[in-house]
Amino acid sequence: MAEVSIYLDPLSQPCRSVYLFAKVNKIPFKHEALQLFKGEHFTEEFRKVNPLTKVPALKDEDFNLSESTAILLYLARKFNTPDHWYPSDLKKRARVDEYLAWQHTNTRPHCSKVFWGKAMAKLLLGEQLCSEKLDPILLQANTTMTDLEKNFLQDKNFLAGDEISIADLVAIVEIMQAVASGQDLFKERPKLAAWKQRVVAAVGEELFNDAHKEILAVLEVKEHLPPQLVEKFKVKLALYTN
Ligand SMILES: N[C@@H](CCC(=O)N[C@@H](CS)C(=O)NCC(=O)O)C(=O)O
């Protein structure tokens, strides 16, 4: 049986959740490293794997799959990972599904906007967005953190129950994107910070740090981005943070 190929760039938060999940579960896979900052996701070769030109993407023989949450569930089912990641119990599974659905319009865009408004703006324009634009973005991200704590984490160890699940991986990587831009969303949130430590312990500190080392150094990126990419990114920044 041929190995599954997974296309990843660690600067991408959904790539990190897939990477963490595959590694912590010792899933054998061919790591296809793509660099978004070099525009490597626009090659003809990658378009054949994912015509949407986004990472992560998976290739399993003649089967191609995009979307991190679909990829996570595919890997969980194909490799029959321990039950706690995506519980077979109806209600426990529904809790994971509930978070995976919610995050698409909450944690994901709201933390990502912090990253674009701070880190990407610095890389593209030399400085973070003005406070008139950034303040509402930060307010939205903080409101989402409150919702996450109150409605999902509550008094449990992890977001969907007392054991770690796919929901925790999908959440932590998004929050870390804001942290990497210099916005520590865990600050003054001891409950959320304690949850983060439990997630780190569950996946292993070494693996967690390995997955996050590039994004945590993103502000030190000195290399020049290809000019066509800078133009694309500037359009996204303007649209995304308006
Ligand atoms: N909903 C998708 C999001 C994928 C996505 O937006 N990936 C970004 C990196 S975080 C990407 O590949 N961006 C490249 C581009 O838009 O040019 C998932 O969860 O996999």
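Helices (runs of H or I in DSSP, at least four residues) and strands (runs of E, at least two) are numbered from the N terminus, and in this scheme F21 has its place in helix α1. The structure described here is a predicted model, in which local features need pLDDT of at least 70 and side-chain atom pairs count only at pLDDT 80 or more, while totals for chains, interfaces and linings use all residues. Residues are numbered from 1 along each chain as its sequence is written.

Helix α1 covers residues 13–24. With the expected span of a helix taken as 1.5 Å times one less than its number of residues, the twelve residues of α1 should span 16 Å, and the 16 Å between its end C-alpha atoms agrees with this. The helix is followed by K26, whose phi is positive, near 50 degrees.

A residue is regarded as buried if 20 or more other C-beta atoms, placed from the backbone, lie within 10 Å of its own, as exposed if 12 or fewer do so, and as partly exposed in between. Ten of the twelve residues of α1 are buried, so the helix is largely enclosed by the rest of the structure; these are Q13, P14, C15, R16, S17, V18, Y19, L20, F21 and A22. Where contact means that the C-beta atoms of two residues, placed from the backbone, lie within 7 Å, the cover over the buried residues of α1 includes strands β1 (4–8) and β2 (29–33) as well as helices α3 (68–78), α7 (166–180), α8 (190–203) and α9 (205–216).

Residues up to four places away in sequence not being counted, F21 touches L72, L75, I166 and L169.

The domain assignment of the protein chain, of a kind that is automatic or taken from a database, gives domain 1 (4–81) and domain 2 (90–240). The contact between them takes 16 residues from domain 1 and 18 residues from domain 2. On the side of domain 1 that touches domain 2, α1 and α3 each supply at least two residues, and α1 gives the most, with eight residues. By class, this side of domain 1 has nine nonpolar, four polar and three charged residues, where Ala, Val, Leu, Ile, Met, Phe, Trp, Tyr, Cys and Pro count as nonpolar, Asp, Glu, Lys and Arg as charged, and the others, Gly among them, as polar.
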